Amino acid sequence: PRIQAIPIDQKKPELSTLRTVFTLLKEKEKVVIFPEGERSWDGEITETGQPGVGMIVTKSRAPVLAMRIFGAEKALPRGAKGLKPHPVTVAVGELLTFDDLIDDPELSTKQTYQAVADRIMKGIREIELRDSRGE
């Protein structure tokens with residue numbers, strides 16, 4: 001299978017880019033989104049996600065499979081000019097849904113987007129690295 005990247009300018013996302021993402025989700029395609037918006041300097045996960053991720057999930061009502069990448073900050077450090085030899089592991093967490101937040105009449109649209117993004121980040125932070133034996 002081919003992987004296609006769709007870069008999104010966080011400060012000024014283009015409507016055509018968002019339409020592409022929504023079309024893919026509507027067609028039940030998988031879309032990988034990095035909710036922090038940038039790579040970590042030290043591998044630590046932030047508390048909050050970008051509200052744009054919450055907007056995409058809210059409008060599409062797509063479930064999110066939480067995933068976490070371990071070791072990327074050492075294999076491709078921010079500011080580095082290339083890859084460095086270091087193991088990288090992708091760990092899969094829980095499938096997250098958001099109907100309770102999306103349908104909460106007490107949350108404003110902006111609050112909903114942020115609450116969804118923050119729940120995604122919480123799901124990612126909860127993923128632990130296990131060794132090859134599952135321990």
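Author: A residue is called buried when its relative accessible area is under 20%, exposed when it is over 50%, and partly exposed in between (1.4 Å probe, protein chains only). The model discussed here is predicted, so local features need pLDDT of at least 70 and side-chain atom pairs count only at pLDDT 80 or more, whereas totals for chains, interfaces and linings use all residues. Residues are numbered from 1 along each chain as its sequence is written, and side-chain values use heavy atoms, with hydrogens and water left out.

Reader: Which residues of helix α2 are called buried?
Author: In α2, which covers residues 51-60, they are Val 53, Gly 54, Met 55, Ile 56, Val 57 and Thr 58. Helices (H or I, at least four residues) and strands (E, at least two) are DSSP runs, numbered from the N terminus. The buried residues of α2 pack against α1 (15-26), β1, α4 (99-102) and α5 (109-125), where contact means heavy atoms within 4.5 Å.

Reader: Which residues of α5 are buried, and what covers them?
Author: Thr 112, Tyr 113, Val 116, Ala 117, Ile 120, Met 121, Gly 123 and Ile 124 are buried in α5. Their cover includes α2, β1, β2 and α4.

Reader: What makes a set of residues a nonpolar core, and which members of the largest one touch the most other members?
Author: A nonpolar core consists of buried Ala, Val, Leu, Ile, Met, Phe, Trp, Tyr and Cys residues joined through side-chain atoms within 4.5 Å. The largest has 16 residues, of which Val 57, Val 64, Phe 98, Val 116, Ile 120 and Ile 124 touch the most other members. Two or more residues come from each of α2, β1, β2, α4 and α5, and α5 gives the most, with four. A second, separate core has seven residues, including Leu 18, Val 21, Ala 62 and Tyr 113.

Reader: Which residues does Val 57 touch?
Author: Residues up to four places away in sequence are not counted; beyond them, Val 57 touches Ala 62, Val 64, Phe 98, Ile 102, Val 116 and Ile 120.

Reader: Why is Arg 125 with Glu 47 called a salt bridge?
Author: The term requires a side-chain nitrogen of Lys or Arg within 4 Å of a carboxyl oxygen of Asp or Glu. The closest N and O atoms of Arg 125 and Glu 47 are 3.7 Å apart, and the pair therefore qualifies. Arg 125 lies in helix α5 and Glu 47 in the loop between α1 and α2, so the pair ties together parts that are 78 residues apart in sequence. Arg 125 is partly exposed at 26%, whereas Glu 47 is exposed at 56%.

Reader: How many salt bridges does the structure hold, and what is the N to O distance between Asp 100 and Arg 119?
Author: There are five salt bridges. The Asp 100 and Arg 119 side chains meet at 2.9 Å, N to O. This pair links helix α4, which holds Asp 100, with helix α5, which holds Arg 119, across 19 residues. Another salt bridge joins Lys 122 and Glu 126 at 2.6 Å, N to O. Salt bridges that share partners also join Arg 61, Asp 99 and Asp 103 into one network.

Reader: Which residues form the nonpolar patch on the surface?
Author: Val 32, Phe 34, Leu 65, Met 67, Ile 69, Val 88, Val 90, Val 92 and Leu 95 form it, with about 880 Å² of accessible area together. Strands β1 (64-70) and β2 (89-96) each supply at least two of its residues.

How values were computed. Patches are made of residues with over 30% relative accessible area and no salt bridge: like charges are joined within 9 Å, nonpolar side chains (Val, Leu, Ile, Met, Phe, Trp, Tyr) within 5 Å. Accessible areas come from the Shrake-Rupley method with a 1.4 Å probe; for residues, only the protein chains shown count as cover.
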